[in-house]
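Subject: Handover of a structure

Dear colleague,

Please find below the structure that I am handing over to you. My notes on what was found in it follow directly after.

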Amino acid sequence: MKKMFALLLALSLLLTAVPAFAAPTRDTKAAEITVDDNLTYLTELIVNAAILQEMPAALDTAPAFPELAKDETPSDLLVSCALAWGINAGYLAYDSETVELSTLPLTTAQAQELYRQVFTNPDYAFAALTDEEAKAAKAENENRTWYIAGELNVAFAPLCDYGVHIYSAKYDGTDVEILCDVFTAQETEVELSADEIPEDKLVWQCNARVSLRTAPETPFGYTVSGVSVSPFYQAGDLTQWKEFENEEMEYSVNLPSFLGVANDTAANRVWQSADGKATLTISVMDEKTTLDDAAAIYQAANPKAEITREQEFDRFSVVQPGSYILVTTSEDAERLFMISFTFPDENQAEYEFYAEIIRNSLSVWGLSNG
């Protein structure tokens with residue numbers, strides 16, 4: 001026990017816990033509200049609109065997407081991208097026989113009605129531009145959206161087709177706060193949920209936070225009060241994940257390909273990103289102990305840590321910004337297994353996503369965690 005105590009004392013990492021099942025998605029947390037189709041459609045609409053603001057820039061450079069702060073008046077570009085994408089996807093009703101190949105002309109009244117179906121803030125006003133102003137707006141927005149007199153012209157959005165996997169939906173007293181991972185599907189209808197898409201066709205792109213205000217009078221039942229989208233993940237394609245099997249220590253795990261081996265000792269394997277900012281360590285100790293005793297030792301060494309125990313899966317976990325720990329053992333096991341993962345805390349959503357898939361893939365032979 002002294003050896004285990006020394007190792008646990010030296011570690012100051014933290015993590016989160018969720019039910020264990022192998023899946024390509026982040027586990028779904030307890031939702032305080034029902035995640036129905038309309039909520040999902042509106043979330044998908046605003047996330048695509050937020051990303052579309054950066055089109056046609058090269059998205060592999062991880063652009064910083066403009067954020068709509070809660071209850072802030074949205075920009076002209078975000079509004080136009082939302083209406084363009086919503087109409088093109090069929091989420092917003094557009095009743096007109098005059099549909100050009102590249103644009104959707106809307107009267108101000110039509111645009112205002114569609115705006116009210118999407119956004120919470122009532123202060124937005126559609127501008128009426130002169131021909132010169134419209135020409136400048138068209139050039140500035142790279143033909144994506146512009147205003148001409150009292151008519152809004154929005155460019156189609158065929159290159160922006162992202163699905164959302166909502167893993168948390170909580171009511172804060174004013175809004176429903178949505179957390180979701182954003183994905184694209186190769187050669188597959190993105191309308192399918194992430195759980196239904198083959199792993200080799202699924203590409204995880206980024207994370208998004210969306211605030212939705214309850215609005216029963218609108219088609220979606222909600223309006224958007226805020227949205228923020230993270231930079232694109234560095235390794236979203238699950239086909240780039242690799243299975244690692246440690247026969248000597250009797251476990252297997254799936255790891256993202258951006259982690260390379262830094263220490264190849266069987267009982268203490270270390271992987272690291274090329275820039276050295278992310279480190280994953282899997283330590284195996286010859287300790288026979290109960291999970292409760294191991295958690296108690298960790299808690300004594302880290303009194304401020306919030307430990308989540310999953311007795312049925314023989315493990316406990318802890319999470320904090322920039323770090324993650326998972327410990328698994330049982331009174332019947334001869335060993336204690338620990339995963340520790342450190343990463344840039346500014347990319348918390350991204351690395352927590354990797355950590356959850358790593359945790360779900362971990363199989364310790366003879367234990368019930370895998």
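Two strands are said to pair if DSSP finds at least two bridges between them. Helices (H or I, at least four residues) and strands (E, at least two) are DSSP runs, numbered from the N terminus. Please note that this is a predicted model, in which local features need pLDDT of at least 70 and side-chain atom pairs count only at pLDDT 80 or more, while totals for chains, interfaces and linings use all residues. Residues are numbered from 1 along each chain as its sequence is written, and side-chain values use heavy atoms, with hydrogens and water left out.

The open sheet

Four strands make up an open sheet, in the order β4-β5-β6-β7, with antiparallel pairing. β4 (163-171) and β7 stand at the edges with a single partner strand each, so one side of each has no neighbour in the sheet. On average, neighbouring strands of this sheet are turned by 25° against each other, direction ignored; the axes behind such angles are lines fitted to C-alpha atoms, for helices over the stretch in contact, and angles run from 0 to 180 degrees between N-to-C directions. β4 and strand β5 (residues 175-185) run antiparallel and are joined by eight bridges. His165 has Asp181 in β5 opposite it.

Confidence

The predictor's confidence in each residue is called pLDDT and runs from 0 to 100. Its mean over the protein chain is 79, and 75% of the residues reach 70 or more. Helix α1 (residues 2-10) has the lowest confidence, with a mean of 41, whereas strand β7 (residues 222-229) has the highest, at 96. Over residues 1-23 pLDDT stays under 50.

Overall make-up and cores

The protein chain contains seven helices and 17 strands. Of its 370 residues, 55% count as buried, where buried means under 20% relative accessible area, exposed over 50%, and partly exposed in between (1.4 Å probe, protein chains only).

A nonpolar core is a set of buried Ala, Val, Leu, Ile, Met, Phe, Trp, Tyr and Cys residues joined through side-chain atoms within 4.5 Å. The largest such core has 49 residues, of which Ile46, Val47, Ile51, Phe119 and Ile178 touch the most other members. Elements that each supply at least two residues of this core include α2 (37-52), α3 (76-89), β4 and β6 (202-214). The largest share, nine residues, comes from α2. Apart from its neighbours within four places in sequence, Ile46 is in contact (heavy atoms within 4.5 Å) with Leu78, Phe119, Val210, Val224 and Val227. A second, separate core has 35 residues, among them Tyr233, Met249, Ala278 and Ile357.

An enclosed strand

Six of the seven residues of strand β16 (residues 336-342) are buried, so β16 is largely enclosed by the rest of the structure. Strand β12 (residues 279-285) runs antiparallel to β16 and is joined to it by seven bridges; Thr281 has Ser340 in β16 as its bridge partner. Strand β15 (residues 323-328) is also antiparallel to β16, with six bridges between them, and Thr328 stands opposite Phe337 in β16.

Cysteines

A disulfide is a pair of cysteine sulfur atoms within 2.5 Å. By this rule, there are zero disulfides. Cys180 is buried, with a relative accessible area of 0%, and Cys206 is buried with a relative accessible area of 0%.
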